[in-house]
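Here are my notes for your first look at this model. Keep the picture open beside you and take the points one at a time.

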Amino acid sequence: MATLHSLASTTSTASSHLHLLPPTKLTLHRSSLSTFHGRSLTLKLTLGSASRCQTLRRRRFCIAMVQPKIQFIQGTDEQTVPDVRLTKSRDGSNGMAIFRFEQPSVFDSSAEVGDITGFYMIDEEGVIQSVDVNAKFVNGKPAGIEAKYVMRTPREWDRFMRFMERYSNANGLQFVKK
């Protein structure tokens with residue numbers, strides 16, 4: 001079993017390969033190599049959003065980077081950093097991640113925003129989600145949340161580990177093997 005523990009850190013969480021751009025508008029178009037046939041999007045990049053840009057054939061392409069985050073209510077980021085425990089089968093084919101949140105911020109905002117709908121791990125690759133979420137109450141008041149994410153294939157395990165690497169770098173978590 002392994003755990004990730006929070007570390008206090010005063011260093012910046014921004015990676016050295018990312019840079020900030022002044023506010024600008026960016027238009028995303030369907031690639032000729034893509035099977036996606038949706039609409040073009042126009043996004044406004046703000047000073048706080050990180051992106052990578054390059055010019056190819058006199059066109060400028062930018063990739064906006066998403067800060068890794070956890071949500072219980074879609075659109076509302078969880079501010080509490082969890083204690084995470086990982087288990088993996090001996091053959092490496094499956095595993096489980098157990099997240100424990102003590103006094104999560106979702107309890108403060110759930111009355112205004114809505115009910116907990118699941119467990120969402122969001123990063124630049126997309127969303128990993130689980131509905132295995134349990135709340136802990138002490139004397140009738142919410143005290144914590146435990147969320148489980150089961151990985152049934154090596155591909156799901158690798159995807160989860162990429163998310164956790166990004167999330168731990170952004171939130172000062174450290175890997176401790178037991």
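1. Let's start with something you can find by eye: which residue in β10 does Val 84 stand opposite? The residue across from Val 84 is Phe 99. Strands here, like helices, are DSSP runs (strands are E, at least two residues; helices are H or I, at least four residues), numbered from the N terminus.

2. A word on what you are looking at. This is a predicted model, in which local features need pLDDT of at least 70 and side-chain atom pairs count only at pLDDT 80 or more, while totals for chains, interfaces and linings use all residues. Residues are numbered from 1 along each chain as its sequence is written, and side-chain values use heavy atoms, with hydrogens and water left out.

3. Now the overall make-up. The protein chain has two helices and 15 strands. Of its 178 residues, 32% are buried (buried means under 20% relative accessible area, exposed over 50%, and partly exposed in between, with a 1.4 Å probe and protein chains only). The chain exposes about 12,200 Å², and carbon and sulfur atoms supply 51% of that area; accessible areas come from the Shrake-Rupley method with a 1.4 Å probe, and for residues only the protein chains shown count as cover.

4. Contacts tell you how the chain comes back to itself (contact means heavy atoms within 4.5 Å). Among contacts in the protein chain with a separation of 6 or more, 64% are between residues 24 or more positions apart.

5. Back to the strands. β9 (residues 83-88) and β10 (residues 95-102) run antiparallel and are joined by six bridges; two strands pair if DSSP finds at least two bridges between them. They form a hairpin with six residues between them, and Gly 92 in the turn has a positive phi of about 75 degrees.

6. Follow β10 to another partner. It pairs with β14 (residues 141-151) in the antiparallel sense, over eight bridges. One place to look is Phe 101, whose bridge partner in β14 is Ile 145.

7. Leaving aside neighbours within four places in sequence, Val 133 is in contact with residues including Phe 72, Ile 116, Phe 119, Ile 145 and Glu 146. Val 133 and Glu 146 are 13 residues apart in sequence, and their C-alpha atoms are 5.9 Å apart in space. Val 133 counts as partly exposed because its relative accessible area is 23%.

8. Next, the charged side chains. The whole structure holds eight salt bridges (a side-chain nitrogen of Lys or Arg within 4 Å of a carboxyl oxygen of Asp or Glu). Asp 123, Glu 124, Glu 125, Arg 159, Arg 162 and Arg 166 are linked in a network of them.

9. Finally, how far apart are the closest N and O atoms of Glu 124 and Arg 166? They are 3.6 Å apart, in a salt bridge. This pair links the loop between β11 (119-123) and β12 (126-130) with helix α2 (residues 154-171). Glu 124 is partly exposed at 37% relative accessible area, and Arg 166 is partly exposed at 22%.
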